[in-house]
Amino acid sequence: MAAYDLLIRGATILTASESFAADLGVSNERIAAVGALSGPAKTELDARGLIAAPGGIDAHTHLDMPYGGGATADDFRTGTTAALFGGTTTIIDFATQSRGGSLTAALDQWHAKAAGRALADYAFHMAITDMSAAAGRDMARMVREGVTSFKLYMAYPGVLMSDDAAVLRALQRSNEVGALVGLHCENGAAIAELVRQARAQGHTETRWHALTRPPEAEAEAVRRAAALASMAGAPVYVVHLSSAAGLEEVRRARLRGVPVLAETCPQYLYLDAQEYERPAASAVNFVIAPPLRAKSNQDALWQALAGGEFQAVATDHCSFPRRSRPGQPGKDRGLKDFSRIPGGAPGLETRMPLMWEAVQKGRISPSRFVETTSTGPAKVFGLYPRKGHLGPGADADIVLIDPKHKTTINAKSLHHAVDYTPFEGLSIHGAIREVFLRGKHMVSQGRLLGKPGDGQYLSRGQRQFCL
Ligand SMILES: [Zn+2]
């Protein structure tokens with residue numbers, strides 16, 4: 001008779017392909033068995049009436065990222081605490097090369113930020129801001145250290161942007177070292193010119209953030225990204241796709257046989273550019289890049305999500321408080337000038353609940369929920385089947401959802417380090433009730449049981465995904 005460390009009884013188990021009632025047996029941090037199980041077990045949990053899904057994987061976060069003389073507000077402790085309360089047990093954060101700095105220095109820095117602080121498991125992408133010969137050489141070393149994906153920016157000239165030659169070199173090199181390149185797809189040069197013109201004409205209101213970053217700027221960059229990927233013979237991953245026009249370019253590239261993977265984010269599915277018409281003190285809190293779009297984009301994004309065209313739903317969690325503090329830039333920096341608003345918003349804790357709401361509303365299937373919040377990113381980023389899977393041998397990262405619970409999203413009840421959420425007031429069905437990380441009970445009915453240091457670094461393998 002098997003002895004389990006933990007036996008979860010009678011949950012409805014969801015995977016990326018099926019749904020069935022079963023017990024989950026956990027031993028030595030892993031799922032040992034799934035089925036009609038008998039004990040004994042050190043701990044038993046009655047999960048009848050609850051949904052069991054694999055722990056969420058958020059493949060796009062910016063924790064403790066240097067910005068404007070300070071850093072983003074959430075560090076690895078607060079960010080991963082918020083993640084756990086929201087059912088996310090793994091994050092992939094962007095270690096970011098400083099201009100003139102090396103990739104290895106950036107990786108060391110990000111390890112130092114996370115070690116001993118994280119409550120969720122974590123891995124790193126490497127954001128390359130200077131695709132030098134040395135960076136190209138270091139890409140091989142990054143892969144050996146478990147950093148098997150890179151990101152380059154086609155936006156933010158003079159700060160983060162890579163030109164087409166640099167993007168092409170990174171794509172070519174990614175093929176040689178067995179990595180995947182992700183791209184922030186917006187035409188940075190055109191946007192910089194539109195911003196310059198708007199300011200010269202005295203347009204400083206927040207709405208100009210969106211007006212100077214039109215959907216065409218995204219669509220053009222997606223088209224160019226796909227062309228560069230095709231020239232390099234490499235796949236490419238489009239981060240935070242926001243517009244119907246951008247989605248059309250992803251589809252066109254795929255029809256030509258170019259493997260373009262894509263993620264979108266809850267903010268583009270649930271919020272729209274009307275938020276920029278609020279008074280400035282409120283509107284600035286919705287400033288992200290790409291910006292929120294006209295509502296007419298949302299149906300296309302939802303349909304693509306339902307149809308399996310997105311490999312992942314990630315957050316781009318990049319939090320700034322409403323008011324600046326010493327050493328901590330806040331959204332109020334840009335009250336009088338849209339071009340000075342720190343870009344980014346929190347989302348780690350609300351991602352899984354918002355996507356579960358989409359299941360309740362009939363917008364996506366339960367399997368698609370699992371695929372886009374966990375299994376898909378695990379496969380794309382080389383974590384599968386250790387992560388993203390509720391089956392024997394996988395890490396026992398388990399989320400139990402109470403589907404009957406009704407709640408309203410409210411910043412006071414969230415655990416991130418800033419004083420607002422862009423999703424304030426949205427009512428949702430379902431609540432994240434119990435969260436296990438490698439078998440350890442981390443969150444139980446709103447109480448935190450885990451502690452800093454419980455999260456471990458994940459050395460990732462190569463992608464396991466084909467389009
Ligand atoms: Zn980002």
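Just after helix α1, Gly87 takes a positive phi of about 85 degrees. Helices here are DSSP runs of H or I with at least four residues, strands are runs of E with at least two, and both are numbered from the N terminus. This is a predicted model, in which local features need pLDDT of at least 70 and side-chain atom pairs count only at pLDDT 80 or more, while totals for chains, interfaces and linings use all residues. Residues are numbered from 1 along each chain as its sequence is written.

Among the buried residues of α1 are Phe76, Arg77, Leu84 and Phe85.

## The chain as a whole

Let's step back for a moment. The chain has 13 helices and 19 strands. Its radius of gyration is 21 Å, close to the 23 Å that the globule rule gives for 467 residues, so the chain is as compact as a globular protein of that length. That radius is taken over C-alpha atoms, and the rule is 2.2 Å times the number of residues to the power 0.38.

Along its principal axes, the C-alpha trace spans about 75 × 50 × 45 Å. Of the 467 residues, 55% count as buried. Looking at contacts with a separation of 6 or more, 76% come from residues 24 or more positions apart. Two residues are in contact if their C-beta atoms, placed from the backbone, lie within 7 Å.

## The open sheet

Eight strands form an open sheet with parallel pairing, in the order β6-β9-β10-β11-β12-β13-β14-β15. Strands pair if DSSP finds at least two bridges between them. At the edges are β6 (56-61) and β15 (312-313), each of which pairs on one side only. Helix α12 (residues 351-360) packs on the sheet and touches β6, β9 (88-96) and β15, and its direction makes about 120 degrees with that of β6. Such angles run from 0 to 180 degrees between N-to-C directions, and axes are lines fitted to C-alpha atoms, for helices over the stretch in contact.

Strand β11 (residues 149-153) is mostly covered, with 5 of its 5 residues buried. Ser149, Lys151 and Tyr153 point one way from β11, Phe150 and Leu152 point the other way, and all are buried. Strand β10 (residues 121-127) pairs with β11 in the parallel sense over 2 bridges, and Met126 stands opposite Phe150. Further along the sheet order, β12 (residues 180-184) and β13 (residues 236-238) pair in the parallel sense over 3 bridges, with Gly182 opposite Tyr237.

## Two helices in contact

Helices α2 (residues 103-114) and α3 (residues 133-144) pack at an angle of about 40 degrees, with their axes 9 Å apart. That makes α2 oblique to α3; angles under 35 degrees count as roughly parallel, over 145 as roughly antiparallel, 65 to 115 as roughly perpendicular and the rest as oblique.

On the α2 side, Leu103, Thr104 and Leu107 make the contact, and on the α3 side Ala135, Asp138, Arg141 and Met142 do. By class, this contact has 4 nonpolar, 1 polar and 2 charged residues. Here Ala, Val, Leu, Ile, Met, Phe, Trp, Tyr, Cys and Pro count as nonpolar, Asp, Glu, Lys and Arg as charged, and the others, Gly among them, as polar.

## Prolines worth a look

Pro290 lies in the loop between α10 (280-283) and α11 (298-306), and counts as buried with 28 C-beta neighbours inside 10 Å. Leaving aside neighbours within four places in sequence, Pro290 is in contact with Glu186, Arg213, Glu218, His240 and Ser242. Pro290 and Ser242 are 48 residues apart in sequence and 6.6 Å apart in space, C-alpha to C-alpha.

Most residues other than glycine have a negative phi, and most peptide bonds are trans. The peptide bond from Gly39 to Pro40 is cis, with omega near 0 degrees, and Pro40 sits in the loop between β3 (30-35) and β4 (41-46). The bond from Tyr384 to Pro385 is also cis, with omega near 0 degrees; Pro385 is in the loop between α13 (366-380) and β16 (398-408).

## Positive phi outside glycine

Asn28 has a positive phi of about 50 degrees although it is not a glycine. Asn28 lies in the loop between β2 (19-27) and β3, and is exposed, with 10 other C-beta atoms within 10 Å. Gln445, in the loop between β18 (440-444) and β19 (447-448), has a positive phi near 45 degrees.

Notes. Buried ≥ 20, exposed ≤ 12 C-beta atoms within 10 Å, placed from the backbone.
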